[in-house]
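Grab a pencil and take a look at the model below. Then try the exercises before you peek at the solutions.

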Amino acid sequence: MRAVVCFSSSASLLSSELAGRASALQFYMAEVADNLARVHEQIAQAAAKSGRAADEIELVAITKTHPAEKVREAIEAGQTLFGESRVQEARAKIPDLPSNIRWHFVGHLQKNKIRHALPLFELIHGVDSLALAQEVNRIAEEEGTHPRVLVEVNVAGEGSKFGFSPDKLRDQMEELLALPRLSVEGLMTIPPLADEAEASRRYFVQLRELRDRLQSDLQVDLAQLSMGMTQDFPIAVEEGATLVRVGTAIFGERQRRNIDL
């Protein structure tokens with residue numbers, strides 16, 4: 001009899017623990033959904049402020065260091081476009097998620113990772129040198145693919161960041177456009193870190209104006225502007241962003257990992 005009572009008590013405790021976990025998971029998923037809704041509302045408000053339609057801007061939810069389970073919560077909330085900045089992490093994560101989800105690569109693409117990256121991502125945001133573009137083109141020819149890419153511009157001239165300087169891009173843009181396998185669809189930038197979002201505005205303006213000049217001078221369509229992250233994406237939308245890269249505002253602080261990705 002005591003054994004039965006003990007078993008019943010254990011079962012009750014287990015049931016209570018499972019219920020608690022389920023409740024916590026529901027709360028966590030609701031939190032991600034709420035965060036996504038808040039980001040979309042901020043995008044819509046910024047778009048309206050600048051006379052644009054909200055559907056002109058796509059939200060790239062950045063999943064760097066966040067596990068597949070967390071991505072599924074965003075999928076449940078309706079998000080379909082995600083971004084990764086490390087090829088090895090993406091190779092481990094993407095196969096565990098629905099195949100109809102879209103992925104962009106938003107980090108620095110190392111040459112030895114190009115062959116792995118091309119099948120995973122529909123758009124590469126950070127082609128940051130002519131040499132990298134030429135290598136992507138060479139491998140794409142071998143693989144029979146036609147990668148869509150954005151050109152990264154180091155508008156602020158920071159020594160710690162990758163990317164073309166505006167002057168160098170003007171000098172080399174025709175060579176980039178001549179690469180037969182690449183579809184160059186626009187520009188991307190990361191402004192300097194700042195305490196105030198407003199400090200990013202001038203860099204977004206500079207990227208847009210550079211894009212406009214290149215389009216006019218070379219008679220080419222560079223429709224995409226990838227700019228704006230958690231700290232400044234509404235400003236980026238006001239200044240013409242078509243893609244904003246937001247992670248922390250959706251998923252929370254990044255998890256630290258002790259593995260080389």
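**Exercise 1: the strand β1**

Val60 stands opposite Arg245 in β8. This is a predicted model, where local features need pLDDT of at least 70, side-chain atom pairs count only at pLDDT 80 or more, and totals for chains, interfaces and linings use all residues. Residues are numbered from 1 along each chain as its sequence is written, and side-chain values use heavy atoms, with hydrogens and water left out.

Task: work out which strands pair with β1, and in which sense.

Step 1. Strands are DSSP runs of E with at least two residues, and helices are runs of H or I with at least four, numbered from the N terminus. Two strands pair if DSSP finds at least two bridges between them.

Step 2. β1 and β8 (residues 243-246) run parallel, joined by 4 bridges.

Step 3. With β2 (residues 81-84), β1 has 2 bridges, again in the parallel sense. Here Ala61 sits opposite Phe82. To get from β1 to β2, the chain passes through helix α2 (residues 68-76) in a right-handed β-α-β crossover (strands pointing away from you, the path from the first strand over the helix to the second runs clockwise).

**Exercise 2: the helix α5**

Task: find which residues of α5 are buried, and what covers them.

Step 1. Buried means under 20% relative accessible area, with a 1.4 Å probe and protein chains only.

Step 2. In α5 (residues 130-143), the buried ones are Leu130, Leu132, Ala133, Val136, Asn137, Ile139 and Ala140.

Step 3. Their cover includes α4 (114-117), β4 (123-127) and α6 (166-178), going by contact (heavy atoms within 4.5 Å).

Definitions and conventions. The expected span of a helix is 1.5 Å times one less than its number of residues. Buried means under 20% relative accessible area, exposed over 50%, partly exposed in between (1.4 Å probe, protein chains only).
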